[in-house]
Amino acid sequence: MNKLYFLLVICIFIGCKKDTPKITPIVKKKTPIIILTDERKVQIDTAKINIFKSETLKQFYTASENKTVWGNLKKRTYVLSQLEESDKLGLEPEDYKISQLKKFEKKVSSLSDSDLATYDILLTYNFEKYLNHLYKGKLNPKTLYTDWDLEEKTFDVNNILIKGFNNNKLDSVVDNIQPKSQTYKELLKALEIINSFPDDHVKNIESAEKITLNDTNSALINIKKRLLYWGDMEGKDSLSKIYTKKTFESVKKFQERHGLAADGVIGVGTISALNYSKEKRKEQIIANLERWRWFTTDFAENYFIINIPDYSLNVVEEQDTTLTRNIVVGTSKRKTPIITSTLRTIVFNPTWTVPPTILKEDVVPAMKRNRNYLANKNITIYDTSGNVVAPNAWNENKPNRYRYIQSPGYNNSLGVMKILFPNHHSVYLHDTNHRNYFGRSNRSLSSGCVRVENPLELAEHILADSVKYSKIKIDTIIASKKTTSIKIEKKYALYQWYWTAWSKKNQLIFRADIYNLDSDLYAKLRN
């Protein structure tokens with residue numbers, strides 16, 4: 001009986017026992033072993049390495065059995081030259097302790113073993129820092145901005161560095177990790193161009209009134225000096241106070257380079273752009289180089305790319321720009337967020353729900369003045385049960401209790417179409433009921449979303465189905481005023497980004513820094 005009872009207990013125990021879950025081991029990428037040469041090398045006290053509190057530095061020297069690695073003069077010279085000339089890439093040589101490193105190099109043959117170890121560690125630490133900065137920027141945008149929705153780039157610096165070290169191809173490492181985009185290359189060229197200009201000593205231009213062709217204005221003397229300095233005016237000029245035809249054409253050229261209305265009228269915007277010094281423009285270029293290191297290095301095959309300060313949208317398919325559009329973006333108070341995403345859905349005849357910010361700042365004050373404000377805009381008020389609320393029954397002290405929905409139609413705030421994509425900011429691309437805005441040179445006018453000119457042509461292009469979604473079929477959908485959602489079958493990435501400088505055909509191109517980000521970013525880079 002006792003034996004039977006014992007067997008029964010054993011069976012119950014085995015039957016109820018849960019399978020032990022298998023733990024999948026975390027596989028770390030193995031760092032390649034560093035191939036040491038016959039040059040002088042010494043053992044490194046790991047305490048010296050630990051001072052830097054860098055995991056990658058520890059791993060690097062683990063791969064060399066904690067021995068110095070930079071005994072080869074050619075390799076050392078290359079690293080030192082890269083760090084010393086990092087300013088050509090918009091970086092700061094002293095961020096990489098170049099002065100200290102050069103002092104070590106001058107007396108490298110007479111260094112004690114301890115100092116040689118210190119020098120070796122400093123070379124590695126600062127070169128790794130330099131490579132990281134080239135690949136993903138010095139700063140992390142997520143710590144700087146709340147509206148920059150970009151994935152942080154990851155970088156296995158040791159794997160790249162050691163392979164280049166072992167294969168004697170450190171130069172290819174530096175070239176390969178930098179962004180490959182045309183804009184990044186244009187920014188590097190812009191930095192080269194700006195460095196070729198002499199120091200500028202032109203006084204600030206002050207003019208309280210617009211200057212037009214044939215006007216006489218004392219400010220024209222310094223305006224002409226600026227135009228000559230930047231190369232928008234060629235040859236010599238009498239530097240008179242008269243707005244001549246030659247100056248007029250030069251001003252138009254300058255305006256075009258700066259994204260201003262190229263009408264030759266010298267107003268506030270043109271004066272502001274003219275008053276940028278060489279140093280300020282250089283800082284602007286460097287700030288934009290940093291931004292482009294934050295952006296993805298691997299572009300999708302098909303994508304929309306938006307430059308917010310340029311008010312432009314380009315559709316790129318298989319490396320060919322197939323469509324361009326003027327856009328309207330958010331004001332400095334309601335900025336358009338920086339986003340990398342994927343287009344998902346086109347919605348024809350969308351309704352529009354008033355968002356909290358617009359409700360608080362625009363709708364509530366307007367409703368308090370005029371209870372018919374929303375009705376005049378074809379916006380219906382709903383309570384929490386979905387019942388329609390009459391304007392005179394609306395409780396102005398509790399406006400958040402309601403939903404405010406605008407019916408579809410040509411005069412809807414979103415126009416007749418919107419394009420949806422995943423993001424954390426509740427923004428999208430859309431048509432507008434203010435279609436005259438696209439003719440303005442300053443188009444920072446929206447509440448954060450991006451308004452697109454001629455959006456139905458854009459929809460026809462990306463749906464790419466001449467039978468189901470021809471122009472006639474789309475017009476029919478619009479005429480129905482029925483909200484219709486269509487999945488975008490072709491995969492398009494969306495790059496909604498911000499940059500204010502580049503170069504084109506050896507000319508410097510600038511845009512107004514509409515969100516005032518450039519100066520602050522440059523200051524943080526040099527902090």
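Two strands are said to pair if DSSP finds at least two bridges between them. The model is predicted. On that criterion, strand β5 (residues 338-342) pairs in the antiparallel sense with strand β16 (residues 493-497), over four bridges.

**Strand β5 and its partners**
- Strand β5 is mostly covered, with four of its five residues buried.
- Asp149 has Ile339 of β5 as its bridge partner.

**His133**
- His133 belongs to helix α6, which spans residues 113-136.
- His133 counts as buried because its relative accessibility is 10%, and the cut-off for buried is under 20%.
- Leaving aside residues up to four places away in sequence, His133 touches Leu91, Tyr96, Lys138 and Arg293.

**Largest pocket**
- The largest pocket holds about 1000 Å³ of space.
- Its lining comprises 32 residues, and Gln182, Thr183, Glu186, Asn314 and Thr321 lie nearest the centre.
- Elements that each supply at least two lining residues include α10 (182-196), β3 (312-317) and β4 (320-330).
- The lining has nine nonpolar, 12 polar and 11 charged residues.

**Second largest pocket**
- About 880 Å³ of space lies in the second largest pocket.
- Of its 38 lining residues, Arg334, Trp352, Pro355, Ile358 and Ser447 lie nearest the centre.
- Helix α15 provides the largest share of this lining, six residues.
- By class, this lining has 16 nonpolar, 14 polar and eight charged residues.

How values were computed:
Residues are numbered from 1 along each chain as its sequence is written. This is a predicted model: local features need pLDDT of at least 70, side-chain atom pairs count only at pLDDT 80 or more; totals for chains, interfaces and linings use all residues. Side-chain values use heavy atoms; hydrogens and water are left out. Buried means under 20% relative accessible area, exposed over 50%, partly exposed in between (1.4 Å probe, protein chains only). Contact means heavy atoms within 4.5 Å. On a 1 Å grid over the protein atoms alone, a cavity is a set of points where a 1.4 Å probe fits but cannot get out, and a pocket is an open set with protein on both sides within 12 Å along at least five of seven lines; lining residues have an atom within 4 Å of a point. Grid points are joined across faces, edges and corners, and a volume is the space filled by probe spheres set on the points. Ala, Val, Leu, Ile, Met, Phe, Trp, Tyr, Cys and Pro count as nonpolar, Asp, Glu, Lys and Arg as charged, and the others, Gly among them, as polar.
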